[in-house]
Amino acid sequence: MSTVLAVADIRNGEHRSVNFEVFSAAAKLAGEMGLSVTAVFIGNGLESLTGAAGEYGIANVVVVEDPALDKFSADTFAAAIAEVAKAKGAAVVLMGATATARDVLPRAAMRLDTALAQDTIAMRADGAKVVFTRPMYAGKLLGEVSIKSMPAMATIRSKAFKAEHSPVGATVEKVAVSLPTPRVKIEELALENTGTLDVTEADIIVSGGRGLKGPENWGILEDLAKTLGAATGCSRPVSDEGWRPHDEHIGQTGKVVSPTLYIAVGISGAIQHIAGMSSSKFIVAVNKDEEAPIFKASDYGIVGDLFEVIPALNEEIKKIKGND
Amino acid sequence: MNIAVCIKQTPDTTTRVKVGPGGTGIDEAGINYIINPYDEFAIEEALQLTEKNGGEVTLLSMGPASIEKTIREGLAMGAHKAIRLNVDKTPDDPTVTAKALAETLKNGQYDLIFFGKQAVDDDHGQMASLVGELLDLPTVTVVLELHVDGGSATAKREVEGGLETIRFSLPAVVSAQRNLNEPRYRSLKGIMQAKKKTIEVVEPALAEAHLVVEKLTPPPAKGEGKIFRNGAQDAAEVVRLLREEAKVI
Ligand SMILES: Cc1cc2nc3c(=O)[nH]c(=O)nc-3n(C[C@H](O)[C@H](O)[C@H](O)COP(=O)(O)OP(=O)(O)OC[C@H]3O[C@@H](n4cnc5c(N)ncnc54)[C@H](O)[C@@H]3O)c2cc1C
C-alpha cells in the first residue's frame, strides 16, 4: 500500500515543535485517503526521538542512519528523503516549513521529478489527489494547488495544523540508502539567542513597533511576554534600528507566523507587517491611534497609550493566572 | 567573473491584488510591476562582484515581451545584458520554470548564478534549490553575507535562531536574503544606457507541469473586531474576553 511520509526535522538532538503537527496532519490525511502513514527520521542517534511518531498516531517509523548523515547537509538529506520516498512508493511527502525543509524538500522534489507546495496552511484529499492551500502574494490571496506527479510534496507552516495526541504502537524499520557527497561544507552553525523561543514556534507572540519609542522601553513587553509564556516579536523598523534582533522581525520580509494569539503593540499595521501575522488565530492591537490599520485586522483592540495599557493588561492576566 | 542573475517581475508589494477572471490568476488591471525586491539584492551582489573582479552580469527572466520593461530596470542598475525566455505567461509550476532556466544556464559557463530567496507573488521560495539540483551545483540559499575568493566562496545563511557559515567552490548557485547589501538606485545615465543594451529572446522547451493552481481566493474576511476606547480601563474586559470568548490564555 502506498503511504504518506511525515519527515521529522531534528535540530540539536531535539524535535522541532512543528514535527508533532506534521505527524498528526499526515495521519489524518492518510486516513482520508485510505493510505498508510510513515514517519521518517534521518541522522544518527535518533533512538530516543522516534517514539514521538507513535504518540501522534503514526504506526510505521523509518530510520535512515549513516555516518555520512552525522552532520547535516541539504544535499545528503534531500537524497535520503528521495530514496525513502522511492523505496516506500510514497504518495505524499510532508515536512514542517522550517528553514531546513524549505531548502531540502525542493531538492528532493527535483530528484523525484515531482513538485512541492511550500508553506501549506491546510490540505484535503480529493479522491487520489491532495489539494494544498497556501498563502500567495504575501497572504493577500490563498492559492489551492494540487500536484499531479507522485509523490505530492509539501512543507507545512508551523502552528497551522494541530498536534493531536493519539498514541499507537509503532514499529521501527532501518532503511539504508546510498548518499551523494555533499556539494557544500557547513563550517559553523552559530546559534543566537539559544534558549529563547523562535517566533515561528511560539503559541503567543507579543510584538512591538515604533510606538515603543526605543529599546529601553521593551521591559514592559518582556514582562507581559513572561506572564503569558510568549515570545517577543517586532516590526521591521524596530529591527532595522537595531532595537531588537533581526530574527524577531515579522512580516513580508521577515518571519511569517501563525500563533494562537498575536498582540501587536504600537504597530500601525502596514500591509507588509500584516502579511507576516494575518493568519494568527486571534489578534489583539494596542495603539493610541483609533484609525491605525492594525485595528481592521484585529479581533480585540484597545485604543490608548501603550505605556499605560500594557502594564494594566499584564496585571489583569497575572490576576486570572493567579486564580488558576 | 561571468555571473547570471535570474529575476522575476512581480506586483509592487503595496499594490492591492484581486483574483482575476478564471479564478486561477490575478486581475492584472492597474497593477504596478517591479523587479521582485529580493532579486534586487541578487543584482547588486553580482554587480559588486564584477566591479571588483571584472566580468559580466547577465539577467535571465521568463515571461512575455511585456516584462522587458522590468528587465530594463535591472539593466539600468548596471547589468550588462539580458536573456528573456519567451512564454505567454510565467508558469505556475516552479519546476517548469526551473527546468527551462537550467537548460539556458547550462550553456552560459557562469561562475555564479544568483536568485532572490523568493518571489513575492507566488511565494514558492524554491527556485534556487530546484535549479541548483538540476545543474548539480553547490547551492546556498537565503544568504546574508557572501565572500568570494578566487574559485571558492563563503556564505552566511539564515536558519531558525542562528546563522550557518557555508564554504563551497564555484560555479555555484546562491539566493539572496534582504540585507545582503544595499541595492543601488538607477541613475539617469544607467537608465539611458539600459535602452541600448540587448535582450536576447530564447524560445524555451517547456516541461510538463506537475503543480497546478486550481483556485485563488481572497482570505476569509475577519469579523468585526471589538475595539475598546478607554485605554487601560479596558484591560480587564479584554483579558476576560481572551479567556472566556477566545479561550487563548
Ligand atoms: C518592500 C517592503 C517590505 C517591508 N517589509 C516589512 C516587514 O516584513 N515587516 C514590517 O513590519 N514592515 C515591513 N515594511 C515596513 C512597513 O511598510 C512599515 O513601515 C512598518 O511596518 C511600520 O512599522 P511600525 O508599525 O512599527 O511603525 P509605525 O508605522 O511608525 O507605527 C507606529 C505606531 O505606534 C503607534 N503609537 C505611537 N506611540 C504610541 C503609544 N504611546 N501608545 C500606543 N500606540 C502608539 C502609532 O499610532 C503608530 O500606529 C516593509 C516595507 C517595504 C517597502
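Predicted model: local features only at pLDDT ≥ 70, side-chain atom pairs only at ≥ 80, totals over all residues.
User: How many residues of chain A are in contact with chain B?
Analyst: 84 residues of chain A are in contact with 78 residues of chain B. Contact means heavy atoms within 4.5 Å.

User: And what area do they bury between them?
Analyst: About 7,000 Å², with 55% of it on carbon and sulfur atoms. Buried area is the accessible area (1.4 Å probe) that two parts lose on being put together, summed over both. A:Tyr137, A:Arg183 and A:Tyr300 supply 11% of what chain A buries against chain B, more than any other three residues.

User: How many salt bridges between the chains?
Analyst: The count is 9. A salt bridge is a side-chain nitrogen of Lys or Arg within 4 Å of a carboxyl oxygen of Asp or Glu. B:Arg157 forms a salt bridge with A:Asp103, the closest N and O atoms being 3.9 Å apart.

User: Which strand gives the largest share of chain A's side?
Analyst: Strand 13 (residues 184-191) of chain A, with 8 residues. Strands here are DSSP runs of E, at least two residues, and helices are runs of H or I, at least four, numbered from the N terminus.

User: What does strand 13 of chain A join in chain B?
Analyst: Strand 9 (residues 162-169) of chain B, through 7 bridges, and the two run antiparallel. Strands pair if DSSP finds at least two bridges between them. A:Glu188 has B:Thr165 as its bridge partner in strand 9 of chain B.

User: Switching to B:His210. Where is it?
Analyst: B:His210 is in the loop between strand 11 (199-202) and strand 12 (211-217) of chain B.

User: Buried or exposed?
Analyst: B:His210 counts as buried because its relative accessibility is 10%. Buried means under 20% relative accessible area, exposed over 50%, partly exposed in between (1.4 Å probe, protein chains only).

User: What does B:His210 touch?
Analyst: Residues of both chains, including A:Asp113, A:Ser146, A:Lys148, B:Asp93 and B:Lys99. That leaves out residues up to four places away in sequence. A polar atom of the B:His210 side chain lies 3.1 Å from the backbone oxygen of A:Asp113.

User: How many residues of strand 10 of chain B are buried?
Analyst: 5 of its 5 residues, 172-176. B:Ala172, B:Val174 and B:Ala176 point one way, and B:Val173 and B:Ser175 the other.

User: Which strands pair with strand 10 of chain B?
Analyst: Strand 6 (residues 112-116) of chain B is joined to strand 10 by 5 bridges, running parallel. B:Phe114 stands opposite B:Val174. Strand 7 (residues 139-149) of chain B also pairs with strand 10 in the parallel sense, over 3 bridges. There, B:Thr139 stands opposite B:Val173.

User: Why is helix 4 of chain B largely enclosed?
Analyst: Helix 4 (residues 127-135) of chain B has 7 of its 9 residues buried, so it is largely enclosed by the rest of the structure.

User: What covers those buried residues?
Analyst: The cover includes helix 4 (99-111) of chain A, along with helix 3 (94-105), strand 6, strand 7 and strand 10 of chain B.

Technical notes:
Residues numbered from 1 in each chain as written. Chains lettered and ligands numbered in written order. Heavy atoms only, no water. Polar contact = N/O pair within 3.5 Å; in protein donor to acceptor, adjacent residues only side chain to side chain.
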